[in-house]
Amino acid sequence: MSVNYGSKRVVTGAHYGMRDWLSQRVTATLMALFTVVLLVQVVWPGQPLGYDRWAGIFSSQWMKVLTFTVIVAMAWHAWVGVRDIWMDYVKPVGLRLALQVATMVWLVGCTGWAVQVLWRL
Amino acid sequence: MPEITKQRPGTMRLVDALQYRLPLAGVVSILHRASGAIMFALLPFVIWLFDVSVTSEISYEQFTAAFTAGIGFLPGWFIKLVVLALIWAFLHHAIAGVRHLWMDMTHSVALSQGRQSAVFTLASSLLLTVLLGARLFGLY
């Protein structure tokens, strides 16, 4: 058995694996629960689903807070997933870094837009 | 060099990967990734739909018109196809995700369980996509 500590330690791979594994599941669970909460309100019997009822679903404060949380969870979830894709398929370090930065910009931009839409309701 | 690094195979290229015949669990796995990538790429479109659908009654007209008159030079049927792709991506990703949670919580990782849950994931996401797609295209 070769030495696997100190300066001989194998440091390939990712030490952040457990944290990402867990956050991916926590954020996924949040989004799944949100889907159920939204679906219940959409199919709830009442007036036909038009603008008033649809916008009304998102206008209550608790729904805004919940939706906001889910938007952040989604951005985090997408970051972990898309970064995994780049890490698996893109080997040149410079290109990978560029793609990761572009992913961050993309996700932060989308999050900002979604939150803006949500909070001006 | 430690033993463990010596045992590693070389870099696998896409042409090598395509030589493998994937088991159904593998198909679910690669589609989980593909569906996630689709949703990531179309995120601005989804937020735009959310934006116009909730902002005002006038913008709501824009929302419904997207599916009939289209957006710009893109016809309505094309928008419906894109939304159909998003519906499938969401369903497959969500069901495959719940499959992961179920495997983690109940340690259901035997070969037969993995195969059965993979069949369930593929079948249920496709069935729901067909049902919602038929509604989207006005078949019922």
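A residue is termed buried if 20 or more other C-beta atoms lie within 10 Å of its own, with C-beta atoms placed from the backbone. The legends below describe close-up views of a predicted model.

**Figure 1. Buried residues of helix α7 of chain B in the predicted model.** Three residues of α7(B) are shown: Ser117(B), Thr121(B) and Ser125(B) are the buried residues of this helix. An α-helix has 3.6 residues a turn, so residues three or four places apart point the same way. The cover over the buried residues of α7(B) includes α3 (24-41) and α6 (76-106) of chain B. Helix α7(B) itself comprises residues 111-136, 26 residues in total. From the first C-alpha to the last, α7(B) reaches 37 Å, close to the 38 Å expected at 1.5 Å a residue. Just after the helix, Gly138(B) adopts a positive phi of about 75°.

**Figure 2. The loop between α6 and α7 of chain B, with His107(B).** His107(B) lies in this loop, and its phi is near 55°, a positive value in a residue other than glycine.

Figure 3. Because 14 C-beta neighbours lie inside 10 Å, Met103(B) counts as partly exposed. When residues up to four places away in sequence are left out, Met103(B) touches Ser108(B) and Val109(B). Ser117(B) is 14 residues from Met103(B) in sequence, and the two C-alpha atoms are 9.3 Å apart in space. Ser117(B) is also one of the buried residues of α7(B).

**Figure 4. Packing of helices α4 and α5 of chain B.** Two packed helices are described by the angle between their axes and the distance between the axes. Helix α4 (residues 43-54) and helix α5 (residues 57-68) of chain B pack at an angle of about 135°, and their axes are 6 Å apart. The angle therefore makes α4(B) oblique to α5(B). On the α4(B) side the contact is made by Leu49(B), Val52(B) and Ser53(B), and on the α5(B) side by Ser59(B), Tyr60(B), Gln62(B) and Phe63(B). Classed by residue type, the contact of α4(B) with α5(B) has four nonpolar residues, three polar residues and no charged residues.

**Figure 5. Helix α4 of chain A and its buried residues.** The 27 residues of α4(A) should span 39 Å at 1.5 Å a residue, and the end C-alpha atoms are 39 Å apart, which agrees. Ala114(A), Val117(A) and Leu118(A) are the buried residues of α4(A). These buried residues pack against α2 and α3 of chain A together with α4 of chain B. Val108(A) is also placed in helix α4 of chain A, but this residue is exposed because 12 other C-beta atoms lie within 10 Å. The C-alpha atoms of Val108(A) and Val26(A) are separated by 20 Å, and these residues are 82 residues apart along the chain.

**Figure 6. The interface between chain A and chain B.** In this view, 22 residues of chain A are in contact with 22 residues of chain B. On the side of chain A that touches chain B, the elements giving two or more residues are α1 (17-43), α2 (51-59), α3 (61-89) and α4 (93-119) of chain A. The residues of that side divide into 15 nonpolar, five polar and two charged. For the complex, the predictor gives an ipTM of 0.87 and a pTM of 0.88. The mean pLDDT of chain A is 91, and 91% of its residues reach 70 or more. Among the elements of chain A, the lowest mean pLDDT is that of α1(A), at 94, and the highest is that of α4(A), at 97. Chain B averages a pLDDT of 92, and 94% of the residues score at least 70.

Conventions: Residues are numbered from 1 along each chain as its sequence is written. Chains are lettered from A and ligands numbered from 1 in the order in which they are written. This is a predicted model: local features need pLDDT of at least 70, side-chain atom pairs count only at pLDDT 80 or more; totals for chains, interfaces and linings use all residues. Two residues are in contact if their C-beta atoms, placed from the backbone, lie within 7 Å. Helices (H or I, at least four residues) and strands (E, at least two) are DSSP runs, numbered from the N terminus. Ala, Val, Leu, Ile, Met, Phe, Trp, Tyr, Cys and Pro count as nonpolar, Asp, Glu, Lys and Arg as charged, and the others, Gly among them, as polar. pLDDT is the predictor's confidence in each residue, from 0 to 100. Axes are lines fitted to C-alpha atoms, for helices over the stretch in contact, and angles run from 0 to 180 degrees between N-to-C directions. Angles under 35 degrees count as roughly parallel, over 145 as roughly antiparallel, 65 to 115 as roughly perpendicular and the rest as oblique. The expected span of a helix is 1.5 Å times one less than its number of residues.
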